[in-house]
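These are my notebook entries on one structure. I record what I looked up, topic by topic.

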2 protein chains.
Amino acid sequence: MAQEEQKGITVKKEEDFSEWYSQVVQKAELADYSQIKGFMIIRPNAYSIWEKIRSYFDKRIKALGVRNAYFPLLIPESFFKKEAEHAEGFEPELAWVNRTDDDTERLAIRPTSETIMYDSYSKWIRSHRDLPLRINQWCNVLRWEVKQTKPFLRTREFLWQEGHCVYETKEECEKEVKLILDEYQRLCERMLAVPVIAGKKTKSETFAGAEYSLCIESYMPDGKAIQMGTSHNLGQGFAKAFGISFLGKDEKPNTPWQSSWGVSTRLIGSIIMAHGDDNGVIIPPKVAENKLVIVPIYFKDKEKVSKKAKELAKKLSKYNPILDDRDEYKPGFKFNEWELKGIPLRVEIGPRDIEKKQVVLVRRDNGEKVPVKLTKLNEIVDEVLEDIQKSLFERAKKVLEKGKDKASEWKDFVKKIKDKKIVLAPSCLEPECDEIIKDETGGATPRCVPFEQKKIEGEKCIKCGKEAKAWVYFNNGY
Amino acid sequence: MAQEEQKGITVKKEEDFSEWYSQVVQKAELADYSQIKGFMIIRPNAYSIWEKIRSYFDKRIKALGVRNAYFPLLIPESFFKKEAEHAEGFEPELAWVNRTDDDTERLAIRPTSETIMYDSYSKWIRSHRDLPLRINQWCNVLRWEVKQTKPFLRTREFLWQEGHCVYETKEECEKEVKLILDEYQRLCERMLAVPVIAGKKTKSETFAGAEYSLCIESYMPDGKAIQMGTSHNLGQGFAKAFGISFLGKDEKPNTPWQSSWGVSTRLIGSIIMAHGDDNGVIIPPKVAENKLVIVPIYFKDKEKVSKKAKELAKKLSKYNPILDDRDEYKPGFKFNEWELKGIPLRVEIGPRDIEKKQVVLVRRDNGEKVPVKLTKLNEIVDEVLEDIQKSLFERAKKVLEKGKDKASEWKDFVKKIKDKKIVLAPSCLEPECDEIIKDETGGATPRCVPFEQKKIEGEKCIKCGKEAKAWVYFNNGY
């Protein structure tokens, strides 16, 4: 990128969110469009975030006894057909390949791997001694979306992890379905600094073939809810469909309980939307490959400053710093570039700083400048990074809280949905009502039934007026 | 797995290598066959090896300035057609999908990603300041093999890493093509304990579209060579085909030089073949997820022994030990199971050991039993694991050295090829000669032109008798 080529974001986040998102994604070199509609190239600046997510979450699930494996990309047609709801749910989005070999069965690229994994599980599981079986895979999946696609948020191919566990009892299964949701919440809030609402999907939004689906939802500055992760209790339906059974402690054949759960590269999209500003993306320190960038500033004393900057890079090596000592660019150009790319902290060092035995830290989140004595550097950097992480979360939390609203009457509900609030309303939980609400509001869907419920007794469904079963968040989401 | 079900390997490695391999793969739960021919399920016991390889190698290449990214699974037909040799090389193995959207162009599942990556590179690279560009991706690829498939060694889908770099100059490119090969050699020899021969492919075996291909080859106990990794100098051919050019320091448009390089899950196959024995697989300590298994042995004093075993697991936690305290199995059963699965070291503890303040270490590679005082445990375990790693390498090295042979006359050459030697012979390096040799020996191909060359002057090609250009290793490989 030559000096004259640098171009920042040309629209404001508040004024044209969609164009802003698109520019940030491309100009911060997070993703690029592919020639094929609906596919994206995940560039190193964004892939490194996925690596941080992966490495953190992988450790967490391994501690819970989950092991990683890899199942084939292609799934035979007959596998899909074994579980009727599941087949119906995914059929419209499948891509089939033209190779079939000696048999005549068609093969589809996996949209998710329940069916191919459970075919194997039916061979591997014999006794209660083989349970619990906890397997996860990190892979790519493909769903031929017809809706408008958007990098990270909705693409035909995406990367994800899918966990698939098998348990002896309903209780164990239920317990771990919730445990994983808690892990997802921790991942989003502590690592990505994105606050979420945790709850259950309504029947109409439940995963195809599941008994129930737990979910975490967040809410973006453009007023749309975003599903961040789901953890499904599959009940015994798949086990029966795939013939998974085990000899129990009672020495009789038993049908196990199953769960599946996943988060995807969509999480990267939530980071961009939640934290970015008019200057570009802001990567939360905990998922930043390079937590800081060192920019030497010299009009005189070039050698001395360069040498000091190199020493600094060594001293700060645990933050994996970028040392931007490119001669051909001016400091201002460099500042803009690293702000655009969202490096959490900038370290400036010039001749006067050297005299004063200090550096100047500049925070990406609020632009604050902090001169720091070299003797206290590592300590202060730790503190500042922690504070950036916390501030990003607090800021996003405010957006979520401000976005939340409540309605008990239809007219009020429609107005608040139109105002892009995430609206808590009493619901009868019937799919028919969800359908009507969607039609009459131009797309609002039940996002989740939050675990934190207020008193529902005496409330009437926002749409049909029948007895309400729960308070549900509605919004026109991603 | 119930007590009565355990079944060890029923054939000897020396007697029926192919059946032995197949049994080890399945009984050690490394992989399972898929219902679709040529596809495999990589089970956790093998996937964990891939994770170790990935984590080690990923660190190494990041230190060289390589960054990870992710490009789409599907590649438009027109991309393949841009580089003629490349298209011809991969066309027969492509699988096409039935989705095409608004355009009429066909999409194929990636067999390798040169074409789709270089289309992006042509947009990203503008100036010499953008170079070198070093990108790698860890992903799945698909090649519709018609040859007999075998888990890990030849499958239609496999996992790999593919590195794709762009350089200003030929010299830089050549240097790094070799540097990566050196990294591959280090990976194989130090981590997998599999010795290799490093060299260059002959023209007939060069990667489709490359100027030359470097490779590392190993030799398995069944007398077959196996390609472990390749590093290609792509020259400027792809750059020209994809319109990649940069404004040089000379302020003129220049064509860059490119490299690509990869290793795959095939490496896991080499570990199984090189180190396994009649009792199962042997995982080299450096790529073992669990470096040891602790087996408490009690006929009396159960509680005391159990407690001690738990303490031991804590003390040895850095080796990520398995504590096999299952009540329903006898020690002998456990020994067999962990030997089958290849855990490098077994730690036995019984009442007498507790009295003597010791444990007994049992090496997987040679069955040697070593009583060790608890005070010296960590130190000795380190030493023993290191020695196992070294011994496995030495043993495999002997197989390779014994397998090597040399021939300067055709009859002698044919006999040694038939004897399954990896035969060093003088060659004119012409593809026509390679073709004839392959036909007349029932499949022997030039595996590599080793970097270590003996004097070639005055030697005649083993087949055509014309002046030889180099000593080349021939063998009927995997």
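Entry 1. I looked up F333(A) and found it in helix α10 of chain A, residues 331–340. Helices (H or I, at least four residues) and strands (E, at least two) are DSSP runs, numbered from the N terminus. F333(A) is partly exposed, because 16 other C-beta atoms lie within 10 Å; a residue is buried at 20 or more such atoms, exposed at 12 or fewer, and partly exposed in between, with C-beta atoms placed from the backbone. F333(A) and E311(A) are 22 residues apart in sequence and 23 Å apart in space, C-alpha to C-alpha.

Entry 2. I noted the origin of the coordinates and the numbering. This is a predicted model, in which local features need pLDDT of at least 70 and side-chain atom pairs count only at pLDDT 80 or more, while totals for chains, interfaces and linings use all residues. Residues are numbered from 1 along each chain as its sequence is written, and chains are lettered from A and ligands numbered from 1 in the order in which they are written.

Entry 3. I turned to two helices of chain B. Helix α2(B) (residues 44–63) and helix α8(B) (residues 266–275) pack at about 115°, with axes 10 Å apart; axes are lines fitted to C-alpha atoms, for helices over the stretch in contact, and angles run from 0 to 180 degrees between N-to-C directions. The angle makes α2(B) roughly perpendicular to α8(B), a term for 65 to 115 degrees. From α2(B), A46(B), I49(B), W50(B) and I53(B) take part in the contact, and from α8(B), L267(B), I268(B) and I271(B); contact requires C-beta atoms, placed from the backbone, within 7 Å. By class, this contact has seven nonpolar, no polar and no charged residues. Nonpolar means Ala, Val, Leu, Ile, Met, Phe, Trp, Tyr, Cys and Pro; charged means Asp, Glu, Lys and Arg; the others, Gly among them, are polar.

Entry 4. Strands β17(B) (residues 345–349) and β18(B) (residues 358–363) pair in the antiparallel sense over four bridges. V347(B) has L361(B) of β18(B) as its bridge partner.

Entry 5. Lastly, I looked up the contact between the chains. Chain B and chain A contribute 42 residues each. On the chain B side, 24 are nonpolar, seven polar and 11 charged.

Key. Two residues are in contact if their C-beta atoms, placed from the backbone, lie within 7 Å. Angles under 35 degrees count as roughly parallel, over 145 as roughly antiparallel, 65 to 115 as roughly perpendicular and the rest as oblique. Two strands pair if DSSP finds at least two bridges between them.
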